[in-house]
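Here is a friendly briefing to read alongside the model. Have the viewer open and follow the topics in turn.

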Amino acid sequence: MRQYIGTFLVMLCLIVIVAGGPMAWGGNSEIVPNSTRLEGGIERQMENRLREDLNLEKMPSWKGWNTLGYGVRLAIENGVSPVTIVLLLLLPVVATMVSLLHYVVGISGFGSFMPSMIAVAFLATGVYGGLLLFALILMISIVGGVILRKLKLHYWPARSINLLFIGLGTFGLMWLTASVEILDIRQVSIFPVLTMIVLAEDFVRTQLTKSKKAARSLTLGTLLLALAGAGLMQWQALQRWVLLYPEIVLLLVIVINMWVGNYGGMRLTELSRFKKAFRK
Amino acid sequence: MFWEIFNLSKYKQFLTKNERNKLYLRKNSSKGRLIADSKWRTKQILMEKGVSVAKLIARFKKIEEVRSFNWSQLLGNFVIKPASGFGGEGIVIIRKATDKNRTRFKSMAGKIYTIEDLKMHCEDILSGKYSLHSAPDMVLVEERVKIHPKFLYYTKVGTPDVRVIVYNQVPVMAMLRIPTEESGGRANLEQGAIGLGIDLASGLTTFGVRGKGEIMEEIYHLKLKKLKPVGGIKIPEWKSILDTAFGVQKAIPSLGFVGIDLVLDKERGPVVLEVNSRPGLSIQLCNRAGLKGRMEKVEDIEVKSMEHARQLAKYLFGERIKFEEGLIKEKPTIGHTERIRIKIGPKRSQRAEVRAKVDTGAWRSSIDGEFAKELGLLKEDNVLYHRHYRSSLGVEKERPVVGVTFWLQGRKIETAVNVANRNKLRTKFLLGRRDLKGFLIRTASPEKTKMKKVIKIKKK
């Protein structure tokens, strides 16, 4: 019975990814750079949409169980950004999905926090922009690492110089994309860049200390989890839900995490791994 | 079929990551984990308890100590390790000095290190590059245990070691870990080393895995210059390896589930390198056996002595079919009753011959109690454990399970046997399914002469 619940939840996750994925990259107009340029950033657009959605719904009356939902509405009426609230409340949801995918499916990234962070970064940069940014930072880190190893510096000074390279590279990329007009990451704040740097650092570190294979698979896992997370966060119905009924969403988070936290069975990826250990 | 993969009952024997983390790591108290996570503490405790460990050349806690150390006094053959590194990270194995003044050293992986390089590596370790959460660390410089001649031709880089997993004081699984160029001379499967499963009864290798999941059938032999089957490599001093592993857990009782890494020194015998409180799970792939099934079997057994622990490992987890030549060519045919020879002493003459009945309806073989007593199989060290069962009348009873070595059709079988009351039966020994692997059973009465003729005619 337990296994069936696991499979069911996995299917649910996959549906979420498949359904939510297209919304994150190019499915709706939010990420398409031209529109963002016209209307001044993803956040502004998202905020407008959420406010519109909320205006359609009546302000609920306070009934006790809906304290949180009522509070959220009140806060928005008083001028708190709905985008911030949505992201805040969705962060545990994304973390839940990451842990579910890790413990039940078996996709591993660098910890559980990193994929959630990258997911938020993707939200700000758009998926293509984020991947481009990450590819650039990773490339600079690797090339920089090769150069710095020849200089034989201490570990931390070497990282600082690497940071300098990354800063220059990101600046160059911003300038380039602005002039070429393929992807727009001009609006990007420092935080997505920072998370990408941390991820690239993790990659380089793992490559040095463990193996190239491990570094590759962990980075890919992180990106995969982050993409799923970004897809989930971009899911408009979920955004509306978390604003209107935050209690239900958060209760679900607790329930799923209690289950995953007690899950002692197989990870899906372990099926094929242990299959090799059968005797013929 | 695709759906076969969902037949989960077949997977029950394996220890999964979630289970290891949730259930079995609890057997290791935080005190034990603290010891295992620091190679220095492990070393101290094991030395105190008289377990042999690699010789320490130097230990650095501060950068000044690294700088003031006279590096050129080293002749080569040393290892630089972070005290709390994990997964073999940050370990540099130096083979020899490449010049007379000993300013340049060659590592096992073939890289050249100047003294400056070595100092920098030590400083990196001290600043916590290889420790968990980048916490400041300690550097250990140890003597390198030279490769045992038995393993000389299986790797160019590094020293193969033996990993034994001990649970509840019983060795439950073991593997030989052979470093590869990919693993940089380190013996961690995570880094790409080769793992060969070991039959706990005989010390012969069985199956192989490379890295964390690539199945290996053959391994390159450097002298013969050809691929050899991975099975059938004899691990020298197997008994003392198992005993050392037992001794380690005795010395650190706060670790209930532990992976112990040993290397074989030609003169000193097994030397403990490291104790691992979170042993990896790939060992199940190269043994083609599940850890969980084995661990559950020994969970409730109270281990009395080193001898008892070794007997348990041998008779409960030994391979039914020996991997002497790596391949089993033919399956001998047996009838419904067969004569077997039971080992009752170390000498060749100390064998008891008895008629045994083949019963494929029974899982485990059983032996008559009186008869077993006569043979001396009920000695304390030989009784593996007592089995509780409910008789057909519903009475709770207890019967011993003993380790028995016997020969059937010239094939040696080491197995655990139930002691039962068979004094009213014609055969004192019953051969169960568990010990009949690799045999064909002829149900009709044998007509040997006729059979031979038929075969001869066919050959012509």
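Buried here means under 20% relative accessible area, exposed means over 50%, and partly exposed is in between, with a 1.4 Å probe and protein chains only. By that rule B:Asp161 is buried, with a relative accessible area of 4%.

This is a predicted model, in which local features need pLDDT of at least 70 and side-chain atom pairs count only at pLDDT 80 or more, while totals for chains, interfaces and linings use all residues. Residues are numbered from 1 along each chain as its sequence is written, chains are lettered from A and ligands numbered from 1 in the order in which they are written, and side-chain values use heavy atoms, with hydrogens and water left out.

**Strand E7 of chain B**

- Helices (H or I, at least four residues) and strands (E, at least two) are DSSP runs, numbered from the N terminus.
- Strand E7 of chain B covers residues 161-167, and seven of its seven residues are buried, so the strand is largely enclosed by the rest of the structure.
- On one side of E7(B) lie B:Asp161, B:Arg163, B:Ile165 and B:Tyr167, and on the other B:Val162, B:Val164 and B:Val166; all are buried, which leaves both faces covered.
- Two strands pair if DSSP finds at least two bridges between them; E7(B) pairs with strand E8 (residues 170-178) of chain B in the antiparallel sense, over seven bridges.
- B:Ile165 has B:Met173 as its bridge partner in E8(B).
- Two residues separate E7(B) and E8(B) in a hairpin, and B:Asn168 in the turn has a positive phi of about 55 degrees.
- E7(B) also pairs in the antiparallel sense with strand E14 (residues 257-265) of chain B, over six bridges, and there B:Phe257 is the bridge partner of B:Tyr167.

- B:Arg177 is buried, at 5% relative accessible area.
- B:Arg163 and B:Asp261 form another salt bridge, with their closest N and O atoms 2.5 Å apart. B:Arg163 lies in strand E7 and B:Asp261 in strand E14 of chain B, so this pair ties together parts that are 98 residues apart in sequence.
- B:Arg163 is buried with a relative accessible area of 5%, and B:Asp261 counts as buried at 2%.
- The side chains of B:Asp243 and B:Arg310 also meet in a salt bridge (3.0 Å, N to O). B:Asp243 is in helix H6 (residues 238-251) and B:Arg310 in helix H9 (residues 306-317) of chain B, so the pair ties together parts that are 67 residues apart in sequence.
- B:Asp243 counts as buried at 15% relative accessibility, as does B:Arg310 at 16%.
- Through shared partners, salt bridges join B:Asp161, B:Arg163, B:Arg177 and B:Asp261 into one network.

**Where the chains meet**

- Contact means heavy atoms within 4.5 Å; between the chains it takes 40 residues from chain B and 30 residues from chain A.
- Buried area is the accessible area (1.4 Å probe) that two parts lose on being put together, summed over both. Chain B and chain A bury about 3,300 Å² between them, 56% of it on carbon and sulfur atoms.
- In chain B, B:Tyr11, B:Asn18 and B:Lys129 lose the most area to chain A, together 20% of what that side buries.
- The rule finds one salt bridge across this interface: the side chains of B:Glu319 and A:Arg279 meet at 2.9 Å, N to O.

**Chain A and A:Gln239**

- Chain A has 13 helices and zero strands, and buried residues make up 47% of its 280 residues.
- A:Gln239 sits in helix H11 (residues 236-244) of chain A and is buried, with a relative accessible area of 0%.
- Leaving aside neighbours within four places in sequence, the residues in contact with A:Gln239 include A:Met46, A:Leu50, A:Val86 and A:Leu90.

Conventions. A salt bridge is a side-chain nitrogen of Lys or Arg within 4 Å of a carboxyl oxygen of Asp or Glu.
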